[in-house]
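Student: Could we go through this structure together? I would like to begin with charged side chains and then move on to rings and a helix.

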Amino acid sequence: MLTENGIKLAVHIITTDFGKLVSQVCECLLRRGSLTISGIGRFTELPSEKVKRSLLVLIRHNCVHAFALEQESDHGESTSGITHYEALFDNIIQRIRFPKFLAIVSNELDKKCAELFEGLLQHGRLALAQILDMAAEEADEGSDADPNAVQERFFRLVNSRYVKHCHAAELFIGLPADNDDPPKRREPESSKIQYKEVILEERALADAIPAKQESCAINSVSQTDTEAEMNRNNIPIAKTGEKRKLKLADMEPEFDLVGCEKESVWRVNLDEFEHLLRNKACIDTIRARLDDKAGIVLSAMLKASRSTESTVSLSVGAIFEELLRSNQTLTMTIDNVRSIMDGIGCDSVTDDVYCIDLRKIIEQAQNEEIESIVLKRYGREAYRMFRLLTTDGRALETDQISDRTFVEKKATEKILYQLWKDNFILMENVRRGSTKDHLLWNANKDALFYEVLDELYRAVLNLRLRFNHEVDLRRELMQMGKSKLDGELLTRFQHLQQTTSLLVNCIQKLDDALLLFQASP
């Protein structure tokens, strides 16, 4: 979901990673939607060449999607398409989670695979030849760059779904038909044009995501397939002990401004990591709500299914087998697993198969996060009232809220008015016959969801700005030389180190909360 502070955070991320020129182009696309090169140049007042170079950087790092829109002539006939560019907001925000991605790869595979994966995080889309060259350049510093070993590590990344092939999207988008979900009431012509633009952008974003069968095709990658690909592109396969002569710097952008790769390229599978982090958030929620055993069982269920859907179904036997593989069954039996699944809230499809809806877990975690904000800001009585409205799911009168939360009516009215004033709840004035008006209160979930998400974006942005400031101060001290860092300067340097470390931890914790509101199982 795009918010004002979300745009500011995305622009800050691009500025930090790629500089002000690239962030200027990115901000233009975030605020104005899809544009052509000439449109970007008109709004940013940048020359066409600088716009093109900025777009190449953004496309390479999966922050912008290019597509061609079918144009309509004055006579109503369709003409050839013009390339438009659209910023991928979610992909930009994912860049702050790169350390988490790297930690997952390091834990699941090994340090060598993590080093290779880190290169893809830093350089964006890379051809296999560039990946091998990258490993060869690191070999100058003492790393192992045996091509066969590098390819083996690459296969492990691909087969673990951490890296995927950049499949060609449908770059030509036709105009939507006039009967594509038209508005029910008569709208002015300007509204029809705006509605058609929204439909086109939605279709372009859908084309930016590979089909499910294409995404799953990465599991069938083998060493023979990759060597055949290298032969097609005239890439020499170096023998053990040989150094490759190709340099990473000599293989600049392997795709053009419409995102068409000149040769087969690979990139980090952001969808897989989003899926893994979403699962981790669900497991942590269940562990906090119940106990460690419930978290272990849910983790085994999600790991065994490898499903990316919001609803996961699996047999008790398969869950128990996964627990055996992970050595987590020392104190559990199949009957224990069944009782834990019932406690988590899984539905029993058959006697042996359980089904769980991850959306319910995430929704509950979101509610708990919002309730914690109410508790800290307004106190425990307001927390009980707000929790009653969210769990009851319907509008309640003041007297009902007062009776069920054990708070005096006058205090209840005061607290409810404060929550309503700050847009946490909705108020409705209802008259019943000749009696006086009754006030009905209900949780304002939609508006509150948007505001909390925007506040989280703002908090992450402020922490990142403070972190950059502290890093600049530390850099100034480092330039003085370590020999001069003594006494007060050394104390100041150590304090800056502690501050930056604390800021990193705070950003990661805030991002965990942000992920809950961004997650869409």
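Student: Which side chain does Arg31 meet in a salt bridge?
Tutor: The side chain of Arg31 meets that of Glu4, at 3.0 Å from N to O. A salt bridge is a side-chain nitrogen of Lys or Arg within 4 Å of a carboxyl oxygen of Asp or Glu. The pair links distant parts of the chain, 27 residues apart: Arg31 is in helix 2 (residues 20-32) and Glu4 in helix 1 (residues 4-18). Helices (H or I, at least four residues) are DSSP runs, numbered from the N terminus.

Student: What kind of model is this, and how are residues numbered?
Tutor: This is a predicted model, in which local features need pLDDT of at least 70 and side-chain atom pairs count only at pLDDT 80 or more, while totals for chains, interfaces and linings use all residues. Residues are numbered from 1 along each chain as its sequence is written, and side-chain values use heavy atoms, with hydrogens and water left out.

Student: Back to that pair: why is Arg31 called partly exposed?
Tutor: Arg31 has a relative accessible area of 41%. Partly exposed lies between buried, under 20% relative accessible area, and exposed, over 50% (1.4 Å probe, protein chains only). Glu4 is partly exposed too, with a relative accessible area of 37%.

Student: How many salt bridges does the structure hold?
Tutor: The structure holds 20 salt bridges. One of them is formed by Asp399 with Lys409, the closest N and O atoms being 3.1 Å apart. Asp399 lies in helix 19 (residues 398-405) and Lys409 in helix 20 (residues 409-421), so this pair ties together parts that are 10 residues apart in sequence. Asp399 is partly exposed at 38% relative accessibility, and Lys409 is partly exposed at 38%.

Student: Now rings. How many aromatic pairs are there?
Tutor: The structure holds 12 aromatic pairs. Rings of Phe, Tyr and Trp (its six-membered ring) pair if their centres lie within 6.5 Å; planes under 30 degrees apart count as stacked, over 60 as edge-to-face and the rest as tilted. The rings of Phe154 and Phe155 have centres 6.4 Å apart and planes at 55 degrees, so the pair is tilted.

Student: Are those two buried or exposed?
Tutor: Both Phe154 and Phe155 are buried. Another tilted pair is Phe449 with Phe517, at 5.3 Å centre to centre and 55 degrees between the planes. Phe449 is in helix 21 (residues 445-479) and Phe517 in helix 22 (residues 488-518), so to speak distant parts of the chain, 68 residues apart. Phe517 is buried, with a relative accessible area of 3%.

Student: Which residues do ring pairs link into a cluster?
Tutor: The cluster contains Phe98, Phe101, Phe117, Tyr162 and Phe273.

Student: What sits over the ring of Phe43?
Tutor: The charged end of Arg32 does, 3.9 Å from the ring centre. The charged end of Arg42 also sits over the ring of Phe43, 5.0 Å from its centre. A charge sits over a ring if NZ of Lys or CZ of Arg is within 6 Å of the ring centre and within 35 degrees of the ring normal.

Student: Lastly, how many residues has helix 9?
Tutor: Helix 9 (residues 147-159) has 13 residues. Its buried residues include Pro147, Ala149 and Leu157. Just after helix 9, Arg161 takes a positive phi of about 70 degrees.

Definitions and conventions
Helices (H or I, at least four residues) and strands (E, at least two) are DSSP runs, numbered from the N terminus. The expected span of a helix is 1.5 Å times one less than its number of residues.
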